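Hello,

Here is the structure I promised to hand over. Have a look, and my notes follow below.

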Amino acid sequence: MLFQHNNVGLFQFISRHFLSKPHFFSTISSSPRLNKTSCIQYLKSCESMTHLKQIQTQIFRVGLHQNHDTLNKLMVFCTDPYLGNLHYAEKIFSYIQNPSLFIYNVLIKAFAKKGSFRKAISVFGQLRKHGLWPDNFTYPYVFKAIGCL
């Protein structure tokens, strides 16, 4: 089951795993004008989980760790079956305070495609519990998960 955590837990998670490691994107931390647009550009050009974790560190450092635009791009990369890491996406999801419908859909789709049907249905349940309404992107993967159980 996925759980919600507070920002203190998120900071501890990030600092323990990423802040102490050398940064491939050393120019990011020295950039005086790092903003949402530049963070999203870095995420779009990301090519590995190592790079993603370094970008995520910078996103946290500039205070964009709960911004829906950056979270959307972060989750899309993490759920990519070739470059991402679904377990890592699940961890990030557990720290998001108010996930958008898009983020729920991305995670449901990733679980259904991977064959983790119970997790896909569990995320759907959380979506409804948080008062969001499924859309035409949600249902095909939920139906697939139900049909494959």
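Let me start with Glu 90, which is buried at a relative accessible area of 14% (buried means under 20%, exposed over 50%, partly exposed in between, with a 1.4 Å probe and protein chains only). Please keep in mind that this is a predicted model, where local features need pLDDT of at least 70, side-chain atom pairs count only at pLDDT 80 or more, and totals for chains, interfaces and linings use all residues. Residues are numbered from 1 along each chain as its sequence is written, and side-chain values use heavy atoms, with hydrogens and water left out.

Glu 90 forms a salt bridge with Lys 119, their closest N and O atoms being 3.2 Å apart (a salt bridge is a side-chain nitrogen of Lys or Arg within 4 Å of a carboxyl oxygen of Asp or Glu). This pair links distant parts of the chain, 29 residues apart: Glu 90 sits in helix H6 (residues 86-95) and Lys 119 in helix H8 (residues 117-129). Helices here are DSSP runs (H or I, at least four residues), numbered from the N terminus. Lys 119 is partly exposed, at 39% relative accessibility.

By this rule there are two salt bridges. Asp 69 also forms one, with Lys 36, and there the closest N and O atoms are 2.7 Å apart. Asp 69 belongs to helix H5 (residues 68-78) and Lys 36 to helix H3 (residues 36-44), so the pair ties together parts 33 residues apart in sequence. Asp 69 is partly exposed at 36%, and Lys 36 is partly exposed at 31%.

Best wishes

Methods:
Helices (H or I, at least four residues) and strands (E, at least two) are DSSP runs, numbered from the N terminus.
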